[in-house]
Amino acid sequence: MGLYIDRSNSGFKSALSGTIQYVDKSGLIAHLNANIDSGQRFLCITRPRRFGKTLAAQMIAAYYNRACNSRDLFANLDIARNPSYETHLNRYPVIFFDVQEQRSNVPRGDDFVAYLQEKIGFELKKLWPNETQNCHTIQEMLAQIHEHTQTKFVIILDEWHAIYRMDQDNEHAILMWIDFLRSLFKGPYANDYIALAYMTGVLPIRRFTSESPLNNFYEYTVFNTYPIGQFYGFTENEVKSLCKKYEMNYDEMKRWYDGYLYQDQYMYNPNSVVKAIAFRNIIGYWNETKRRRQGVAQYPKSAMLKHLHRDRGLVMHYTKRARRRASLRRRRAASFCLRLRMMLGFS
């Protein structure tokens, strides 16, 4: 097993063995199985943070990964009763990585694509040494592997949008990333070597021109959830069941956490619900992030003020940039509200 190709199923195994009962979302796999090798094999899932995207990606990887025996993990889940279950269980080489995690390993955004080419390419050459001779890119290697062995891959990218946040002021790095995705998923041989492509993020696929560079992807956003909306977040019935099992107040849980309406279906933030049950305390967990907690703990107010006074020029620079970003956010919010009103039929 590698770091990128045919990873272990330990991530999903941990979720199943947690102290809080796992809410079965394996029905999503049935939808993916129906789209394997079809024109709908390219999927991009857009959801807010903390809505189960990463856990779903780990589940999908555990199911398809040929290097694992995941039969026991799925034996008691919904997917095990689907006719397609045996057909695709542990049958594919899976390329799976978290973009945010991998981008953190590279000092400069301009070097990120080269870093992926090197790391993933190394594992491909190790697994298919004869087929990948004289190949220089991941795309070439995948095409040659398929040409010689008829092998098809499942490719999973979690947090695909992380480049936009981590390199938001580096347009060159962003364009390199989009070009990498385009060549991987829309190259001349992509349909040959890809059985399924699955990406997650909080942003829809960015459009640099009038046409998206990845327009072969089917995007499932909070406005377009059918038929997989129920697999991201908790439904009302799922939350009621958890509240009954763990003796929590459902009405209070509903008052706090049902803030999303997906095509007439109320959805709950799963991270908040699970934490409320674990800590027996219903509060606003969604806004808690590791970075903010660490920031408060590591930088007391006195130390922060000392640092700010030491370099006033730097402070002014970041203050101006923060104002520009705030203005941009306000304009985007106004544009979003206008589009939403038009969609809902308001004048």
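In which helix is Arg-103 found? Arg-103 is found in helix α6, which spans residues 99-103. The legends below refer to a predicted model, in which local features require pLDDT of at least 70 and side-chain atom pairs count only at pLDDT 80 or more, whereas totals for chains, interfaces and linings use all residues. Residues are numbered from 1 along each chain as its sequence is written, and side-chain values use heavy atoms, with hydrogens and water left out.

**Figure 1. Overview of the chain, with 17 helices and eight strands.** Helices (H or I, at least four residues) and strands (E, at least two) are DSSP runs, numbered from the N terminus. Of the 347 residues, 44% count as buried; buried denotes under 20% relative accessible area, exposed over 50%, and partly exposed the range in between (1.4 Å probe, protein chains only). Contact denotes heavy atoms within 4.5 Å. Among contacts with a separation of 6 or more, 74% join residues 24 or more positions apart.

Figure 2. Arg-103 counts as buried, with 6% relative accessibility. Apart from neighbours within four places in sequence, Arg-103 contacts Arg-108, Gly-109, Phe-112, Ile-163, Met-166 and Asp-167.

**Figure 3. The open, parallel sheet of five strands.** The strand order is β2-β3-β4-β1-β5; two strands pair if DSSP finds at least two bridges between them. Strands β2 (94-98) and β5 (218-220) stand at the edges with a single partner strand each, so one side of each lacks a neighbour in the sheet. From one strand to the next, the twist averages 10°. Five bridges join β2 to β3 (residues 153-158) in the parallel sense, and Phe-97 has Leu-157 as its bridge partner in β3.

**Figure 4. Helix α10 against the sheet and against helix α7.** Helix α10 (residues 171-186) lies across β1 (42-46), β2, β3 and β4 (194-201), and runs at about 160° to β3. Axes are lines fitted to C-alpha atoms, for helices over the stretch in contact, and angles run from 0 to 180 degrees between N-to-C directions. The axes of α7 (residues 112-127) and α10 come within 9 Å and cross at roughly 35°. Phe-112, Val-113, Leu-116 and Gln-117 of α7 meet Met-176, Trp-177 and Phe-180 of α10. These contact residues comprise six nonpolar, one polar and no charged; Ala, Val, Leu, Ile, Met, Phe, Trp, Tyr, Cys and Pro count as nonpolar, Asp, Glu, Lys and Arg as charged, and the others, Gly among them, as polar.

**Figure 5. Buried and exposed residues of helix α12.** In α12 (residues 236-246), Val-239, Leu-242, Cys-243 and Tyr-246 are buried. Seen down the axis, the buried residues of α12 fall within an arc of 100°, so they line one face of the helix; the arc is that of the directions from the helix axis to the C-beta atoms. Their cover includes β6 (234-235), α13 (250-257), β8 (265-268) and α14 (270-279). Asn-237 and Lys-244, on the other side of α12, are exposed.
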